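Trainee: I have a model open and would like to go through parts of it. Can we start?
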Amino acid sequence: MNRLLVKYPSVLRWFYPDRITRIENPKSIYLTFDDGPVPEITPWVLDQLREYKAKATFFCIGENIKKNPEVFQQVISEGHAIGNHSFYHLNGWKTSTSKYVHDVLSTEDLLSKKYPVKPFPKLFRPPFGKIKNSQARKLSKEGFKIVMWDVISWDFDNNVQKETCYKNVVENASEGSLIVFHDSRKASKNLRYALPKVLKYFSEKGYEFRSI
Ligand SMILES: [Zn+2]
């Protein structure tokens, strides 16, 4: 198997310094969950986080918020941060800038309608990590921070063993890392193995899990 690209490439950090990949904060780890909320896995993730008094950031898909409002409300009630992950999970490289921005803004509309006073900053993570410069510029003008990652677990890839997924995280994450997991059906098998172990591993080392 090809070596997985687990760490965010440093050339991209250099090229796009405004995109968030780490938050320098002592003894802190930033878990992020993309693609939810879904009833099959998101509540389970919330249970795991609660057990370790961990806070995280959920990059939600508008379509899933609309389908699963109760699960979404649960995420909010537990005090986690929410980010925008577009409405239809579009690939930015294959989508026109106007269509892409419209898709992100419709998710933001949905959020602000449901929650008139937003208790969170405007965070956006591009689906597949793929976004054109023109799209990023427009979204920045709309007040979004583009959030990438420092370490990606590869939980969504069913060709990746669950043990590898765990190792991807613990061998690459450090103080201040933003880590990508997915609260999606597809990632469920790997996530159910890796997440409790990651929480345990860093808790025992004295880290706190924080939301962005
Ligand atoms: Zn995604």
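Trainee: Is Ile-146 buried or partly exposed, and why?
Mentor: Ile-146 is partly exposed because 17 other C-beta atoms lie within 10 Å. A residue is buried with 20 or more other C-beta atoms within 10 Å of its own, exposed with 12 or fewer, and partly exposed in between, the C-beta atoms being placed from the backbone. This is a predicted model, where local features need pLDDT of at least 70, side-chain atom pairs count only at pLDDT 80 or more, and totals for chains, interfaces and linings use all residues. Residues are numbered from 1 along each chain as its sequence is written.

Trainee: Which strand does Ile-146 lie in?
Mentor: Ile-146 lies in strand 5, residues 145–146. Strands (E, at least two residues) and helices (H or I, at least four) are DSSP runs, numbered from the N terminus.

Trainee: What does Ile-146 touch?
Mentor: Not counting residues up to four places away in sequence, Ile-146 touches Asp-18, Arg-19, Phe-124, Pro-126, Ile-131, Ala-136 and Leu-139. Contact means C-beta atoms, placed from the backbone, within 7 Å.

Trainee: New topic. In which sense do strand 1 and strand 2 pair?
Mentor: Strand 1 (residues 28–34) and strand 2 pair in the parallel sense over three bridges; pairing takes at least two DSSP bridges. Asp-34 stands opposite Phe-59 in strand 2.

Trainee: And strand 2 with strand 3?
Mentor: Strand 2 and strand 3 (residues 81–84) also pair in the parallel sense, over four bridges. Here Cys-60 stands opposite Asn-84.

Trainee: Which residues of strand 2 are buried?
Mentor: In strand 2 (residues 57–60), Thr-57 and Phe-59 on one side and Phe-58 and Cys-60 on the other are all buried, so both faces are covered.

Terms used: Contact = placed C-beta atoms within 7 Å.
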